[in-house]
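Below is a short note on a few local features, written as numbered points. Please read it beside the structure.

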Amino acid sequence: MIVLPAIDLKDHQVVRLRKGEFHTVHQVAEDPLQTARAFAAAGAKYIHMVDLDGARSGARKNEAEVRAVAEHSGLKVELGGGLRTLADLEAADAMGVTRMVIGSAAVSDPDFVRAAVERYGERIAVGIDAKDGHVRTAGWVRDEGLDYLQFAKSMESIGVKYIIFTDIDTDGTLSGPALGRLEALQKAVGCAITASGGVSSNGDLRQLRDMGLYAAIVGKAWYAGAVDLALAVEEGGDQA
């Protein structure tokens with residue numbers, strides 16, 4: 001299982017939120033590139049980055065920071081937040097991003113996802129962010145009234161191979177991942193699934209690994225000192 005340490009960016013700063021609520025935003029590290037290099041030193045091969053400004057408004061502000069990490073950290077960058085058009089994907093590609101995550105736009109414009117997959121193939125992932133099993137968009141603010149499993153099936157049907165599932169109820173809480181919802185998602189689709197939200201310990205990561213998930217994202221738990229990233233990478237196995 002691939003372990004992806006995370007950097008969330010807002011106004012050029014490394015921040016964290018609790019349950020996706022913007023009023024909880026707080027800075028957790030000084031410099032994105034230095035933070036990414038610390039991840040690389042622990043053995044990570046990938047990094048999950050989110051442009052929170054882009055996720056909320058569609059206007060990305062943190063391209064310089066993403067480019068610096070892509071070019072100088074030695075990590076493969078997975079980027080989400082504000083990727084809503086083919087031009088946005090082209091910009092991310094030009095920044096050196098390895099995998100591009102489509103979130104809100106996957107709900108509003110599935111034809112865009114289809115075009116993105118046709119053009120970029122397995123470099124495209126769809127981020128499914130859900131609260132109480134209902135898909136949320138626009139930086140987790142808007143309830144779309146969609147069941148997350150049905151939405152995942154619709155994405156698989158148009159060629160999506162990678163799904164990043166974030167359980168908003170657990171994100172940033174250090175309360176443990178949403179194992180039940182992840183298991184249901186595994187049964188519903190054949191996509192490679194990345195778990196996001198709630199990881200609180202190396203034990204949680206072992207559970208996700210033993211479920212057979214493709215990857216897991218580690219955010220607050222690393223910043224809080226609750227996860228040994230080097231151990232997580234070692235126990236995760238092949239990080240290619």
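1. Gly198 lies in the loop that joins strand E11 (192–196) to helix H9 (202–210); helices (H or I, at least four residues) and strands (E, at least two) are DSSP runs, numbered from the N terminus. The model is a predicted one, with local features needing pLDDT of at least 70 and side-chain atom pairs counting only at pLDDT 80 or more, while totals for chains, interfaces and linings use all residues. Residues are numbered from 1 along each chain as its sequence is written, and side-chain values use heavy atoms, without hydrogens and water.

2. Gly198 is buried, at a relative accessible area of 5% (buried means under 20%, exposed over 50%, partly exposed in between; 1.4 Å probe, protein chains only). Leaving aside residues up to four places away in sequence, Gly198 touches Thr170, Asp171, Gly172, Leu174, Ser175, Gly176, Pro177 and Asp204 (contact means heavy atoms within 4.5 Å).

3. In helix H6 (residues 110–120), the buried residues are Phe112, Val113, Ala116, Val117 and Tyr120. They line one face of the helix, because they fall within an arc of 135° seen down the axis of H6 (the arc is that of the directions from the helix axis to the C-beta atoms). Exposed Asp111 and Glu118 sit on the face turned away from the buried side of H6.

4. The partners of the buried H6 residues are helix H4 (86–94), strand E6 (99–102), helix H5 (104–108), strand E7 (124–131) and helix H7 (148–157). After H6 comes Gly121, with a positive phi near 60°.

5. Where helices H1 and H3 meet, Pro32, Leu33, Ala36 and Arg37 of H1 contact Glu65, Ala68, Val69 and His72 of H3.
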